[in-house]
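Hello,

Here is the structure I promised to pass on. Please have a look, and then read my notes below.

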Amino acid sequence: MRFRPITTTDAAEPTPDADRKTVRLHSKSVIGLLLAAGAALAAAFEPAPRALPMPAIGAYNMAKLQDALGRALVEYWQSGSRALPASLTALVGYWFEWHAIKVAISASLVIVLALLSAGLWQRYLRGRPWYAAIATGATVSTVFVIGVLSVNIQVTALPLIPLLGVLPGRTADGKLAQALSQMHEGLTKSAGPHAGSPALTVLLGEVERYYWVTAAIFATLMVAAGLASAYFWKRRIAGDPSATRVRFMHSTHGVITALTACLLLLMAVAGALSALEPATSLLGIIGAG
């Protein structure tokens with residue numbers, strides 16, 4: 001796929017012969033199709049995973065999921081074993097599939113938004129100044145969805161700890177409340193009877209791995225965003241000074257990617273700090289107090 005380069009602010013539309021054999025992302029029909037595809041993917045992001053049948057329950061229901069997770073966690077806690085019981089293993093598998101669907105949708109949405117951004121910026125460069133605002137919005141949306149994609153990849157890789165975040169903040173189930181209280185005691189009192197629980201050992205290891213993966217993913221994205229920002233600023237500096245629209249486009253991309261890199265740095269540091277304090281992180285996840 002090739003595009004005719006544009007280097008001046010007053011660039012005119014290419015001749016029909018020049019675009020006869022190219023895909024015109026800037027055409028209204030293509031932009032319309034991309035908008036429709038993006039809207040459909042965004043609309044399907046939440047409902048699509050809910051079509052998955054829940055283990056031993058059937059149709060998705062948050063209250064039933066919380067109840068099943070609570071019972072499975074109590075079973076695991078009372079088992080005195082490091083191995084997850086079948087009930088909890090089934091729910092972990094369900095959560096993996098749930099987020100695998102979100103990975104597929106968000107990855108597709110990233111592609112659609114990236115193409116849409118390219119098409120909108122082309123229309124801006126071809127003499128339509130008001131397209132700058134929506135092109136910028138599409139670019140920011142692309143970056144945001146990349147973040148959503150990375151989070152769902154992370155959850156798909158290590159679904160147990162994110163699944164525990166589904167536990168209800170308050171529960172009338174006495175067994176679950178007791179189990180959470182004992183977990184809290186085991187995490188806060190090193191000399192207590194529950195401190196050496198096999199289940200806690202496994203969960204702490206999972207928390208530590210989860211947050212190190214978080215830090216690694218965000219650090220990798222931070223480096224990529226930083227390099228992208230440097231590339232866009234270099235293109236702006238080296239470009240034709242008279243091509244103000246091109247310079248504005250490169251400046252906008254440079255600012256967006258630089259700000260993204262700063263945000264990713266903070267998130268990577270937060271992930272590393274959480275990995276270094278797995279007990280505190282696990283307390284925050286299960287909400288035991």
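Predicted model: local features only at pLDDT ≥ 70, side-chain atom pairs only at ≥ 80, totals over all residues.

What follows is a short account of the salt bridges.

Residues are numbered from 1 along each chain as its sequence is written, and side-chain values use heavy atoms, with hydrogens and water left out.

Searching the whole structure turns up three salt bridges (a side-chain nitrogen of Lys or Arg within 4 Å of a carboxyl oxygen of Asp or Glu).

One joins Glu 46 to Lys 102, with 3.1 Å between the closest N and O atoms. Glu 46 sits in the loop between helix 2 (28–44) and helix 3 (47–50) and Lys 102 in helix 5 (residues 86–125), so this pair ties together parts 56 residues apart in sequence. (Helices are DSSP runs of H or I, at least four residues, numbered from the N terminus.) Lys 102 is buried at 8% relative accessible area, whereas Glu 46 is partly exposed at 35%. Here buried means under 20%, exposed over 50% and partly exposed in between, with a 1.4 Å probe and protein chains only.

Another pairs Asp 67 with Arg 71 at 3.0 Å. Both belong to helix 4 (residues 62–79), four residues or about one turn apart. Asp 67 (39%) is partly exposed, and Arg 71 (47%) is partly exposed.

Glu 206 and Arg 209 also meet, at 2.6 Å, N to O. They are three residues apart in helix 9 (residues 198–238), about one helical turn. Glu 206 is buried at 16%; Arg 209 is partly exposed at 43%.

Best wishes

Key:
Helix = DSSP H or I, 4+ residues; strand = E, 2+ residues; numbered from the N terminus.
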